[in-house]
Amino acid sequence: MDEQLEYDETAPDPVLEMIVPRGVLGERLDKQLAKMLPEHSRARLQGWIESGCVQVNHQVQQKVRVPVSEGDVLTVATQPSEQELAFVAQPVDFEVVAESENWIVVNKPAGLVVHPGAGNWQGTLLNGLLYRYPELASVARAGIVHRLDKDTSGLMVVARNAVAQTSLVRQLQARSVSRCYVAMVHGHLKPASGTVDRPIGRDPRVAVRMSVDRPIASKEAITDYEVLQYGHDGKSAYSWVRCRLRTGRTHQIRVHLASLNAPLVGDVLYGGRTSDLARRQLLHAYHLEFDDPSTGQLCSFETELAVDILQWAQSVQWTAVSETGQEEDDYAG
C-alpha cells in the first residue's frame, strides 16, 4: 500500500540557502535550481519562483529566466506538494452506517471523491475520515481498502487499524467480500441474467476510459448481473439491474454493462445519456458483507437507493421479469 504522507501546517517551511558553483555563467534560474535540487521537478521549481519563494542574492526573484552565475546566493523556501497537503483533516459530509473498534461502514454520497488525486487533492472522503476519526492518521490511506467512483454512491468499509486493514485487504483479494450494486441502464438487457467475464484495462484511444476491447495492461474482471425489472418512459427502454462483483477493477460495472450495449443511465463516458433527473451514472452500492477482522463473524449491511436514483426510477413505468427473462404484464411500480 502507498505510504501515508503527513504535513504539519504549523511547522515553518524549510529554507535552503545555496551558492551557485564555479563555472556557471548566465544560466537560467529555473535550470540552475533543477541541477541543484534534482529531487524536485522543474515545473515545481518554476512554480516556487513565480510565487515569490526564491531569492537571488537576498532579493525575491519571480522570473524563471533571470540569469545566475557562480557565487550568486540562492535562497529557496520549499513548499509542500499537493500530495503532502492532501492528507489533512477536513470536515466532509458523509453518512456512517455502522462502526466498531475495527471498521467503519460508510454510505458515500455521489459526487464525493474517495481518495486525493490529480484535480482533487482535498475535500475527499479520506480528508473527512481523518477529521472524524483522528486515529486514522496512523493507518495507511486512512484505512481505505476499496473505492467507489466519484459519481457512484453507496457502501464502503474502512479499516480503523493496521491489523483490520490487512484482514480486509486479504478478504478482498480472496473475493470473500460481497459487494452488490443496483444499476439503471439503457435498453432491455438480454439475457436477463448472466456473467460478464472479460478482462479490463486502459482504453488505448481514450486515457480516462477503461475498456474490454484491446485493453492496455488488462486484468481479470468478472461481474454477475440480473435484471430485476424492465422499464419504459414512453420514449426509451431501460433495465433495473442488480450486479455482484467477483473482482474489483476500475469502472468494472460501467465497462461490463456497456460491453453488453447497456450503458448506465447518465454515464456519458461509456455511452449513457444524462437528463434532468440523471446527472450522474445511476449506480449504487447497496449491499456489503465481510468478516469481522477480530471475531470472524459475518457483518452484513444494506442501504436504500440514493434519492436521485429513486426519483429517476419514479419517472419510468416498470414491468416485472419472469423466470424466463420475458416481460410480464403486471407493473411493479
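**Proline 191.** I started with proline 191 and found it in the loop between strand S10 (178-186) and strand S11 (193-197). For the labels, I took helices (H or I, at least four residues) and strands (E, at least two) as DSSP runs, numbered from the N terminus. The peptide bond joining lysine 190 and proline 191 is cis, with omega about -5°.

**Ground rules.** I am working on a predicted model, where local features need pLDDT of at least 70 and side-chain atom pairs count only at pLDDT 80 or more, while totals for chains, interfaces and linings use all residues. Residues are numbered from 1 along each chain as its sequence is written, and side-chain values use heavy atoms, leaving out hydrogens and water.

**Positive phi.** I next looked up alanine 217, which sits in strand S14 (residues 216-219). Its phi is near 50°, a positive value in a residue other than glycine. I located asparagine 261 in the loop between helix H6 (252-259) and strand S17 (283-291).

**Buried or exposed?** I used under 20% relative accessible area for buried and over 50% for exposed, with partly exposed in between (1.4 Å probe, protein chains only). Alanine 217 is exposed at 64%, and asparagine 261 is exposed at 70%.

**Glutamine 281.** My last stop, glutamine 281, lies in the loop between H6 and S17 and is buried, at 5% relative accessible area. I listed its contacts (heavy atoms within 4.5 Å): leaving aside residues up to four places away in sequence, they include Asp149, Thr152, Arg254 and Leu264.
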